[in-house]
Amino acid sequence: MWIRQSGVRTRAVILLAGVLLAGCSTLPQTPLDPKGPVAQMQTGLLLYTLYIAMGIGISVTAALLYVVFRFRARPGLTGVPVQIRGNHVLEIIWTVIPVLILVSVAFPTVEAAFSTAVPPEGAMTVRATGYRWWFAFEYPELGIVTANELRIPAGQPIRLELTSNDVIHSFWVPKLAGKTDMIPGRVNIAWIQADEPGVYLGQCAEFCGDSHANMRFQVRAMPPEQFDEWVRQRQAMAQGPSELSAVAARGRELFESNVGNCFACHAVDGTKAQGVVGPNLTDVGQRSTLAAGILENNYENLKAWVRNPADFKPGTTMPSHARLSEQDLDAIVQYLMSLK
C-alpha cells in the first residue's frame, strides 16, 4: 500500500515539474527562452546538465527499486546474502562511469565559459554601473549617458564593462545572458546580443540592500536604423532642451536652483545640471518606466515620485520634495516630461 502511494506521489511530482518547466518558457524573465547567442549557449548547457542529472536520478532510482524488490526478505529465506565487497569489476565500473559523466559535462562547460568570456570583434562598448538602486549606462563611443534603459541595436554584440559605485550588484538579463557581478573598484567584462528587436527585462541579482527587489532595468533592442536615429536624437539633446512652455521653463528654473536642488544630483545635457549622484535625466521623458523599472512613466507617477520617492523605494537616497507647492511640483514634472 505504501509503495503504491509512493509511486502516485512520484508521478505527481514529475508531472508538476513538467508543467512548471513548460510554463517557465513564457515568463518575461526566464533563461529557458534565450534570445541571443550567449543565452542560447548557456541555456543549452543548462538543459544538457539537467538531462544528465535526470538520467542519473532515474537510473539510481531504478537500480534501488530493483534491489529493494529483487532482494527483499521472503518467508523461508535465512542467512546472510551474498556479499560483493572486493569485486574489482564493479568497483572499476562505478568509478569509470562518474568520471565519464564529469568529462562529458566538463568539455561543453569549458567551451561555453571561453565562448562567453570574450566579446566578438566589432562589439559596441557600454559601461554599466550599479548604484543603490538603479543602473547607469554610458556609451563612450557615442558620448551618451542614460539610466535604467539600455538601448542596443538588434543583431549586434554589445561589450559590457560592469562595475559598481557602492556595494556588490549583479547584472542579469535572463533572456540574453547569465549573471555577472558588478563589484566596486573592479571592472568585469561580459557581452550580450539580442537577435531580434524587443524589450528584455533585467534586474540586480545580488542582494544589495532595502530596495534590491526594486532595482530593475530594461534592454530595448531596436532595429539598427531605429537605433541610429535614436543616437542622433540623443546626441542632439546635448545642445539642451528646445522650446519649453512657460510652466516647463519655470520647472527648469526650479530644477537648476536651490529651491528644487535637483541639479546637485542629476545631469541634463546642455544645461548647468551636471550632477553624477543620481540618474542622468536628459531623456527621462522618453523612458517607459521610472524609479529603475518599478513605475510606469506618466505624469501622475512622476509627480508622486518627485514628491516622496521613499513611498516607492525604501532606503532611497533621493530626498523628499513634499515641501514644494503643488504649482512648483507641477512645473518640475512638466519640465522633466519635456526631456525627450
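Is Arg252 buried, exposed or partly exposed? I started my notebook with this one. At 23% relative accessibility, Arg252 counts as partly exposed. I kept in mind that this is a predicted model.

**Entry: the partner of Arg252**
I looked for a salt bridge next. Arg252 forms one with Glu256, and the closest N and O atoms are 3.2 Å apart. Glu256 has 13% relative accessibility and counts as buried, because buried means under 20%.

**Entry: helix α4**
I checked the length of helix α4, which covers residues 224-236. At 1.5 Å a residue, its 13 residues should span 18 Å, and the end C-alpha atoms are 18 Å apart, so the two agree. Then I listed the buried residues of α4: Phe227, Trp230, Val231 and Arg234. Seen down the axis of α4, these buried residues fall within an arc of 105°, so they line one face of the helix.

I also found a salt bridge between Arg232 and Glu229, with the closest N and O atoms 2.8 Å apart. Arg232 and Glu229 are three residues apart in helix α4, which means about one helical turn separates them. Glu229 is partly exposed, at a relative accessible area of 35%.

**Entry: a link between helices**
Which side chain meets Glu326 in a salt bridge? I found Lys303, at 2.7 Å from N to O. This pair links distant parts of the chain: Glu326 belongs to helix α7 (residues 326-337) and Lys303 to helix α6 (residues 299-307), 23 residues apart. Glu326 is partly exposed at 40% relative accessibility, whereas Lys303 is buried with a relative accessible area of 13%.

I noted a network too: salt bridges with shared partners join Asp33, Lys35, Lys175 and Glu196. For the whole structure, I wrote down 17 salt bridges.

**Entry: strands**
I turned to strand β8 (residues 188-192) and saw that it is mostly covered, with four of its five residues buried. Strand β5 (residues 158-164) pairs with β8 in the antiparallel sense, over five bridges. I looked up one partner: Leu162 is bridged to Asn188 in β8.

**Entry: a nonpolar patch**
Which residues make the nonpolar surface patch of about 410 Å²? They are Leu50, Tyr51, Met54 and Ile58. I placed Leu50 in helix α2 (residues 37-70), and its 31% relative accessibility makes Leu50 partly exposed.

**Entry: Val247**
My last stop was Val247, in helix α5 (residues 246-255). Val247 is partly exposed, with a relative accessible area of 37%. Val333 is 86 residues from Val247 in sequence, yet their C-alpha atoms are 9.5 Å apart in space.

Key. Residues numbered from 1 in each chain as written. Predicted model: local features only at pLDDT ≥ 70, side-chain atom pairs only at ≥ 80, totals over all residues. Heavy atoms only, no water. Patch = residues over 30% accessible without salt bridge, like charges linked within 9 Å, V, L, I, M, F, W, Y side chains within 5 Å. Areas by Shrake-Rupley, 256 points an atom, 1.4 Å probe, with all protein chains shown as cover. Salt bridge = Lys/Arg side-chain N within 4 Å of Asp/Glu carboxyl O. Helix = DSSP H or I, 4+ residues; strand = E, 2+ residues; numbered from the N terminus. Buried < 20%, exposed > 50% of the residue type's maximum accessible area, 1.4 Å probe, protein only. Pairing = 2+ DSSP bridges. Expected span 1.5 Å × (residues − 1). Arc of directions from axis to C-beta.
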